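Here are my notes for you to read alongside the sequence and the 3D view. Keep the structure open and find each piece as you go.

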Amino acid sequence: MDRSSLFPSYAPPNLRFTHGEGTWLTDTSGRRYLDFISGISVNTLGHAHPDLVAALESQARKLWHLSNMFDVPGQAELAARYCELTFADRVFFTNSGAESIECALKSARRYHAMNSAPERIEVIGFEGAFHGRTYASVNAAGNPKYLEGFGPRLPGYVQAPFGDFETLQSLVSDKTAAILIEPVQGEGGLRPAPLGYLEAIRALCDETGTLLIYDEVQCGAGRTGKLFAHQWSDRAAPDIMAAAKGVGGGFPLGMCLATEAVAQHMTPGTHGTTYGGNALAVAVGAAVLDHLGREDFLQGVRDRADLLELKLKRLKTAHPDLVEEVRGKGLLIGFKAGEIANLELRNRARDAGLLIGVAADNTVRLAPPLNVSAAEIDQAVDILESVLKSVGPSASAVAAALK
Ligand SMILES: *Cc1c(COP(=O)(O)O)cnc(C)c1O
């Protein structure tokens, strides 16, 4: 395919998918692939789920877009449902993860400015973090790879090592506005923050008047078997949370959720978005939540996550040289690859009919639809097994020799 009219920002494989159904994608030649990355943790209910198609079609016949200058049908209802199910009192709808982070960061600084502490602007982020590609979000994550060539770093962003509480404590000062953390790092290599660590950060924030912001763009929306990943603890609620990816099930939808103490200051004129939470997006978002909001659905996610984890651990036992460590939480899971590049494994899996992702630290990332079946998990792990076998001792010996 000729991609010369596109920005060269992406370099996809030479493959064209024509349609999807559930956990399966079909390409132009009619070949079917098992989709275990689901648009990077987005297609919560798989491709073309009938409930989401119906919600979108029905809304499309009524009303698409008004902008937020009018009351958008469905927005207040969806916000109220999310508030009922979380720590939040209010929701601001966006189109993406990065915009949800932008809203979170602005809300945090605004909170302090309105509470007579305008000097509290610093946001402490973590090594290995990913928060999106806008200026604020690349600065908040601090990954040098995403900052290079884009001018000076923005002031007010501080970096802490992930998992080291004492260093974090020493970084909090009278200039700190917020601590921003992913309860499970996705791009950073599928690293869950221990619940005790999140609880300690919550306590630190309470002691110092610092706001706690969670980035649950990837690990939220049921991915770990709770509606949001921090809900595995009942003592780690944030003040502000960014969500996106899975909450729209494939339709662009994001949310910044916050307590009343924070959200009350985001008065008319302080923030806005033209598309955010338009009628199509919230109609689909409501249909997604009809599934995610059910405890039996989340129990199913936990059961299948346990199955997938067990099977990946068996792969590690059988191929300890290639599967170094099983990582992640819930259906955001994978492994740190040993004597082979994660990209090589991803490509070989794709050739064998299984679509998977990668993440930092040579990690292989799986994020199947949350309604993936046990049989599909069996199939996917069988393919992975055959890929690992095909690598064989010779390839891993070569990789080891090259180290
Ligand atoms: C994907 C992601 C983002 C950015 O979301 P976009 O929709 O691409 O802007 C932010 N944070 C995390 C944790 C993500 O995984």
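**Notes on the ligand site and the sheets**

1. Let's start at the ligand. Asp 215 has a polar side-chain atom sitting 2.7 Å from a nitrogen atom of the ligand. Keep in mind that you're looking at a predicted model.

2. Gln 218 puts a polar side-chain atom 2.7 Å from an oxygen atom of the ligand. With Phe 130, look at the backbone instead: one of its N or O atoms lies 3.3 Å from a ligand nitrogen. How much of the ligand's accessible area does the protein cover? On its own the ligand has 380 Å² of accessible area, and the protein covers 81% of that.

3. Who else is around the ligand? The residues there include Ser 96, Gly 97 and Ala 98, then Phe 130, His 131 and Gly 132. Glu 182, Val 217 and Lys 245 are also among them. Sorted by type, the shell has 3 nonpolar, 5 polar and 3 charged residues.

4. Now for a sheet of 7 strands. This one is open, its pairing is mixed, and the strand order reads S4-S12-S11-S10-S7-S5-S6. Which strands are at the edges? They are S4 (90-94) and S6 (157-160), and each of them pairs on one side only. If you ignore direction, neighbouring strands here are turned by 20° against each other on average.

5. S11 (residues 240-243) and S12 (residues 254-258) run antiparallel and are joined by 4 bridges. To see one, go to Ala 242, whose bridge partner in S12 is Cys 256. While you're there, remember a handy rule: in a regular strand, side chains alternate between the two faces of the sheet.

6. H8 (residues 195-208) lies across S5 (122-126), S7 (176-181) and S10 (211-215), and runs at about 170° to S7. H3 (residues 75-85) lies across S4 and S12, at about 125° to S4.

7. One of the pairings to look for is Gly 328 with Ile 333 in S14.

8. Finish with a hairpin. S1 (residues 17-21) and S2 (residues 24-27) pair in the antiparallel sense over 4 bridges, and Phe 17 has Asp 27 as its bridge partner in S2. How many residues lie between the two strands of the hairpin? There are 2, and Gly 22 in the turn has a positive phi of about 60°.

Note on methods:
Residues are numbered from 1 along each chain as its sequence is written. This is a predicted model: local features need pLDDT of at least 70, side-chain atom pairs count only at pLDDT 80 or more; totals for chains, interfaces and linings use all residues. Side-chain values use heavy atoms; hydrogens and water are left out. Two strands pair if DSSP finds at least two bridges between them. A residue is near a molecule or strand if one of its heavy atoms lies within 4 Å of it. A polar contact is a pair of N or O atoms within 3.5 Å; within protein, one must be able to donate a hydrogen and the other to accept it, and residues adjacent in sequence count only if both atoms are side-chain atoms. Accessible areas come from the Shrake-Rupley method with a 1.4 Å probe; for residues, only the protein chains shown count as cover. Ala, Val, Leu, Ile, Met, Phe, Trp, Tyr, Cys and Pro count as nonpolar, Asp, Glu, Lys and Arg as charged, and the others, Gly among them, as polar. Axes are lines fitted to C-alpha atoms, for helices over the stretch in contact, and angles run from 0 to 180 degrees between N-to-C directions. Contact means heavy atoms within 4.5 Å.
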